[in-house]
Amino acid sequence: MVFILHRYIFRELFRVFLLATVAMTLMLSAGMLVPIISQFGVSPQQMLHLLGYFLPITLTFVLPMSALFAASMIYGRLAADRELDACRASGISLWTLVYPGLTLSILVAAANLGLSFYVAPAFVHRSERSVKANAEQILFRNIQRKGYYALPQSRYKLFADFADPKNNLLEGVVIVDLAEDRPARLVTAERARVRIDTYSDYNEAAIVAQNSHRLDEVAPAFIGNVSITTRFASLLTDKIKFQKLEQLKRIQADKMNYFPICQQALEVRAQLAMKLLAADINAQMQTTSEYYQFEDADRTRVYRLSVGQCQIDPKKPSRIELTGPVRLLQIDALRNSLTIQYDSPRGVLAFELEGGDLRLEMTLDNPLWQRPGVPSGRSLQKYVNNIRFPEKLAGLIPADQFLSKAGDIVLGQSDLPVAADASLKAACRNLLNRLQRVDNEIYAEIHSRLVLGLGCVALILTGIALGIQFRGGHMLTAFGASAIPAGLLVVFILSGKELTKNPAAPAMTGVTVMWTGLIVLGIVTLISYRKLLRT
């Protein structure tokens, strides 16, 4: 008899729960696709795939609300139809009648924990791979449709007159470089090929342009074949809230596994590397008469530099100002022969921060050039890119150990041959503060998922109690009243997560607020059932 009753109540609960879940999941999943569609321009087929990938994410939030709706509606209807009174008159206790709802709440709590810790993050990464797998097709589709494509989270915009997706070829290419620290630059090319490589933590786009000219605030300059590489983070997977439990632990163990931290660390490392380079060049120019030597990225050319003095640009720490006389010798590395010589009154040595490796670019103003056997001439500007950073200096600040180096700089315990100025110390301090914030975010994310998952049990039980108490009114009144404790729990969780982001407060304060919300919800549940049993 009791088993039949339980099966009847659970069947009614599950039917309403399933219908509510399907309806709310479809609506919320469609809303989450809007930013991806607007940014990437995905095709209709990809939209359907992404909709499936986003279902587990929305289910994390939908399942508790659907179960709450079903519990308040079904138990409210049973109470309104006097079926609960009939059961209690037959000797069946209220707790026995609540067992189907309790079973549903435990199932929802287990599903919510599994979704939030494992399933939803895994599907987020699958959705990223779905977009990345067709990233080049998305790029060509946007160029064919709009005539340009803005590389995500990058300073580059790519324009083309004609796009040939089959041969991965663009013709009539204009690349706009919108760097924040200087006026915009244009690179024009007859044709270009684009390759987008995807990695676990970031994406990398490489544009190889042929017969290129660069136009900037000074003058146009022919730069031949040039390769532009830019990194950009994932759309969703670089966020802490979309990481699986093992990924959160991996980031806790090494923050360089988290792309935003890695990117900021590389920028600070580039600033420190430029100070080392400026000091090393000045030391060599003052102690010897030899040229300072660089190599290009392909190791096919050697550059020998002689300067009067070099110093860090105070407004742009990743730039070195070269003061004259500046002489640059370009040597063919295979033949070990001089190709061309440049003499200039001044120049600039700057970092290209778009790639993971340390790469330099040099600009000489109004240089006099001389080629063997050719009359000399003068250019308005000479631009040299893809210069390798000296390995002896890069070895002093390896990327995988830079976070500890930054800590030593802040504490004044650095063993580097240059002293850190206020700008570098501030950059290192900001990096270390960001590390602390990431630790707090991970700590808060783990506890918020636990609180939300475990809170499903108390939340659904509260919905059952309020559904029975509001049996005399409209059925939706019971659901509305049940949504108030749910809203309070969400407020406690969000408030706790925000408190963990406050560097002035310890992370434990925010976690305590989250668990306090669960305790308050448990007290509300106990009070509701105590009142219900009395009546």
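The following legends describe an overall view and several close-up views of a predicted model.

**Figure 1. Overall view of the protein chain.** The predicted chain contains 13 helices and 15 strands. Of its 535 residues, 49% count as buried. The accessible surface comes to about 25400 Å², and carbon and sulfur atoms account for 58% of this area. When contacts between residues at least 6 apart in sequence are considered, 62% of them join residues at least 24 apart.

**Figure 2. Nonpolar surface patch that includes Leu 26.** Phe 14, Leu 18, Val 22 and Leu 26 make a nonpolar surface patch of about 350 Å². Leu 26 lies in helix H1, which covers residues 2-32. Its relative accessibility is 45%, and Leu 26 is therefore classed as partly exposed, since that class falls between the limits of 20% and 50%. An α-helix has 3.6 residues a turn, so residues three or four places apart point the same way.

Figure 3. Beyond residues up to four places away in sequence, Ala 20 touches Ser 66 and Phe 69. Ala 20 and Phe 69 are 49 residues apart along the chain, yet 7.8 Å separates their C-alpha atoms.

**Figure 4. Helix H13 and its buried residues.** Helix H13 spans residues 507-534 and has 28 residues. The distance from its first C-alpha to its last is 42 Å, close to the 40 Å expected at 1.5 Å a residue. Several residues of H13 are buried, among them Ala 507, Gly 510, Val 511, Met 514, Gly 517, Leu 518 and Leu 521. Further along H13, the buried residues include Thr 525, Ser 528, Tyr 529 and Leu 532.

Figure 5. Thr 525 belongs to helix H13. With a relative accessibility of 7%, Thr 525 counts as buried, because this value is under 20%. Apart from neighbours within four places in sequence, Thr 525 is in contact with Ala 458, Leu 461 and Thr 462.

**Figure 6. Two buried cysteines, Cys 310 and Cys 456.** The relative accessibility of Cys 310 is 2%, so this residue counts as buried. Cys 456 is likewise buried, with a relative accessible area of 1%. The structure holds zero disulfides, a term that would require a pair of cysteine sulfur atoms within 2.5 Å.

Definitions and conventions
Residues numbered from 1 in each chain as written. Predicted model: local features only at pLDDT ≥ 70, side-chain atom pairs only at ≥ 80, totals over all residues. Heavy atoms only, no water. Buried < 20%, exposed > 50% of the residue type's maximum accessible area, 1.4 Å probe, protein only. Helix = DSSP H or I, 4+ residues; strand = E, 2+ residues; numbered from the N terminus. Expected span 1.5 Å × (residues − 1). Patch = residues over 30% accessible without salt bridge, like charges linked within 9 Å, V, L, I, M, F, W, Y side chains within 5 Å. Areas by Shrake-Rupley, 256 points an atom, 1.4 Å probe, with all protein chains shown as cover. Salt bridge = Lys/Arg side-chain N within 4 Å of Asp/Glu carboxyl O. Contact = heavy atoms within 4.5 Å.
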